[in-house]
Protein chains: 2
Amino acid sequence: MALIVQKYGGSSVADAEAIKRVAQRIVAQKKAGYDVVVVVSAMGDTTDELLDLAEQVTPLPPGREMDMLLTAGERMSMALVAMAIGNLGYEARSFTGSQAGVITTALHGNAKIIDVTPGRIQEALDDGAICIVAGFQGVAEDSKDITTLGRGGSDTTAVALAAALNADACEIYSDVDGIFTADPRIVPSARRIPTISYEEMLELAACGSKILHLRCVEYARRYGIPLHVRSSFSQKPGTWVVSEVEETEGMEQPIISGVAHDRSEAKITVVGVPDRVGEAAALFTSLAEAEINIDMIVQNVSAVATNRTDISFTLPATHGQTALNALKKLQDQVGFESIRYDDQVGKVSLVGAGMRSYPGVTARFFDAIANAGVNIEMISTSEIRISVIVEEGQVDAAVAAAHTEFQLDSDQVEAVVYGGTGR
Amino acid sequence: MALIVQKYGGSSVADAEAIKRVAQRIVAQKKAGYDVVVVVSAMGDTTDELLDLAEQVTPLPPGREMDMLLTAGERMSMALVAMAIGNLGYEARSFTGSQAGVITTALHGNAKIIDVTPGRIQEALDDGAICIVAGFQGVAEDSKDITTLGRGGSDTTAVALAAALNADACEIYSDVDGIFTADPRIVPSARRIPTISYEEMLELAACGSKILHLRCVEYARRYGIPLHVRSSFSQKPGTWVVSEVEETEGMEQPIISGVAHDRSEAKITVVGVPDRVGEAAALFTSLAEAEINIDMIVQNVSAVATNRTDISFTLPATHGQTALNALKKLQDQVGFESIRYDDQVGKVSLVGAGMRSYPGVTARFFDAIANAGVNIEMISTSEIRISVIVEEGQVDAAVAAAHTEFQLDSDQVEAVVYGGTGR
């Protein structure tokens, strides 16, 4: 029998009414002849409430206990979803991450899935039951302590279970209708993308699209699990994320799939670095040791007179202060002149597998941005992506200009609620 | 090293402030040189809130899922208590019932503890950590499903862990100062009982005293675990429940330990039962098959003229309707005349190991009640207890009269809050 894994985010199970609606959707899938495994997040605000309680008790909660506390959230939602399904006359059994066989590393708050051993899930499916599994959580391999997976954890749980159970597809439900060609809050004429490749989705996720988390897409690509990203509030089809995008109805794939943006980065420029072998390496080794993820790097051509250069890079703004501290410690050793910090920047990225075979995309992108009066501060490219750093206040203009230039605008404006899925 | 097991009820961990206060008490015990294992209930109203959520989703929640839902409650409180202890500079690790090795039967909502295998607890204690264990919950032996223990479950968890870990004592904390000679809300001059035997405590618990649950006391008696029942809101000593009450300071033990009462029962009278062998048995077999617990039974002397008799018995009022239905089905077969039902009754019980060696206690008890103008409807006795059924409105008068007659009144009235502990 075909097996579908469904994942419902916090807004889809926010209260009793939402849970009953989700239960009907699950039962409909079962009635249609599928085996169904459902992964749920915690209800709406539960996680925030638990975090708030922890904060009232201690400023520095130990990771082990924080995970124990937070995993109560999915425990509640999964039991309630199972009850709601029972009320519709179908058998549902709920399982914690540990019971579902989600084995992880021991890094509390940000554990990685090592293995999934879904023996109990398979048994329940064989009994004809619908399985409800707690997302976002697992059990550490050696200590047997309860862990949580960090951001995007519930999506990753769903994909990992889909892979372990050899599922036919994994549906990711949230409060948005799918992946759009741009954030509809910025570009009201943005269109839903019907199908997109894992590679493009990875680039979009890495460049600020918050609908799917990078880890989840990587996992799906590795195991070839088709993802269907859709809304639990409507019956509309969403976006399929698959390995190969078929060309349908004689139409070629568009050159560009979408325009992503990200306001969470900051830019650091190290001014007047002596242009000697190993100096840049020293800077980035020090940042790596402080566990800071660097995104884009640009090194200017060295000024002949001084034999010094400027090195600019971007990083998550939340790591800004840590990075500045790490760099300042190196100032005497490396002998650079000064550091400039700017968190009023944004990244705008053009993503599309089609750009491989179309030269001139970069030029058109830069032209469109320039015509919109936006100055480009940094550039970085991959085979299927071009990203630029611009002033934060000009992000919207740049996104809109690129969206129009590559004919992504829809004739009709779809009304969507576009929100991030936390876990 | 000496080991103490402490149990804190829901009111003791009702909010962040209460949790921090409890953490200080736990750390004080640790500082005093003890190994400490703590069993916690769910915070204040959590259980009610979860029950309410379940009710919004379905009128008939499956037991398995209800247990999954409710066990989220202790998961939260135990993690928060562990965090609060960490904040005081001591290491605490929390464990679910399953992790603590509480193995139970599979009867969801009312599972019985079969075995306790506290390997992980012992390991954590050996590491010098304080252990926080979720009360009220366990894991079913065969299915590995999560179970809850029903009423008094957290106390029972504490005593079972104390037995398995060979603890020196088990402290049961709630919002009352101990066991009293009567309910202080009815008898303001009631005194705290410093020490009481398991046998007497069992009788008090069976007769309506809500401070300790029968199962917990039975468990403590079986394994000889001294219980200390006390308040988490004060440093006062509470009541010790032990196997032998030592006679101290040349004082003999009082004849009577306390007066208990219970308003939760109902009385059923089956009128005109043919006085033939097996008719009463047929009635009670039918009630047993409906899983109704009968408390007291009185069969009147048969009337010579009709050769018929009346049979009265008491039972929990919550089972009243079920019992009436079961009996009505037998009316034609047995041939009794009618059924009378009365839930406006109360039971008043005098408990004391001393009554074994003092004749005349029964007479004094009945006299005192009669002098208070209270009519006795039924009587039942054990070796260390006398119980009477009276009209519900006269319970207070009967309790007060008995309390005074056996010189249990204190010179000074203690101010106590006297509340039941749900789990």
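Buried area is the accessible area (1.4 Å probe) that two parts lose on being put together, summed over both. The exercises below concern a predicted model, in which local features need pLDDT of at least 70, side-chain atom pairs count only at pLDDT 80 or more, and totals for chains, interfaces and linings use all residues. Residues are numbered from 1 along each chain as its sequence is written, chains are lettered from A and ligands numbered from 1 in the order in which they are written, and side-chain values use heavy atoms, with hydrogens and water left out.

**Exercise 1. The interface**

Determine how much area chain A and chain B bury between them, and which residues of chain A lose the most.

Step 1. The two chains bury about 3,200 Å² between them, and 64% of this lies on carbon and sulfur atoms.

Step 2. On the side of chain A, the residues that lose the most area to chain B are Val57(A), Arg75(A) and Met83(A), together 24% of what that side buries.

Step 3. Contact means heavy atoms within 4.5 Å; 40 residues of chain A are in contact with 40 residues of chain B.

**Exercise 2. Polar links and the make-up of one side**

Count the salt bridges between the chains, and describe the side of chain A that touches chain B.

Step 1. A salt bridge is a side-chain nitrogen of Lys or Arg within 4 Å of a carboxyl oxygen of Asp or Glu. Between chain A and chain B the count is two. Arg120(A) and Asp145(B) meet in a salt bridge through their side chains, at 3.0 Å from N to O.

Step 2. Helices (H or I, at least four residues) and strands (E, at least two) are DSSP runs, numbered from the N terminus. The elements α1 (16-31), α2 (46-57), α3 (63-87) and β3 (92-95) of chain A each supply at least two residues of the side that touches chain B. The largest share, 16 residues, comes from α3(A).

Step 3. The residues of this side of chain A divide into 24 nonpolar, eight polar and eight charged. Here Ala, Val, Leu, Ile, Met, Phe, Trp, Tyr, Cys and Pro count as nonpolar, Asp, Glu, Lys and Arg as charged, and the others, Gly among them, as polar.

**Exercise 3. A sheet of chain B**

Give the strand order of the open sheet that contains β13(B), and identify the helix α6 contacts.

Step 1. The four strands follow the order β13-β18-β20-β19 in chain B, with antiparallel pairing; two strands pair if DSSP finds at least two bridges between them.

Step 2. At the edges are β13 (258-262) and β19 (376-382) of chain B, each pairing on one side only.

Step 3. β13(B) is joined by five bridges to the antiparallel strand β18 (residues 345-351) of chain B. Within this pair, Ala260(B) stands opposite Ser349(B).

Step 4. Helix α6 (residues 198-206) of chain B packs on the sheet and touches β13, β18, β19 and β20 (385-391) of chain B; its direction makes about 170 degrees with that of β18(B). Axes are lines fitted to C-alpha atoms, for helices over the stretch in contact, and angles run from 0 to 180 degrees between N-to-C directions.

**Exercise 4. A sheet of chain A**

Explain why β15(A) and β17(A) each have one side without a neighbour in the sheet.

Step 1. The open sheet has four strands in the order β15-β16-β14-β17 of chain A, with antiparallel pairing.

Step 2. β15 (297-299) and β17 (338-342) of chain A stand at the edges with a single partner strand each, so one side of each is left without a neighbour in the sheet.

Step 3. Three bridges join β15(A) to the antiparallel strand β16 (residues 308-316) of chain A, where Phe313(A) is the bridge partner of Ile297(A).
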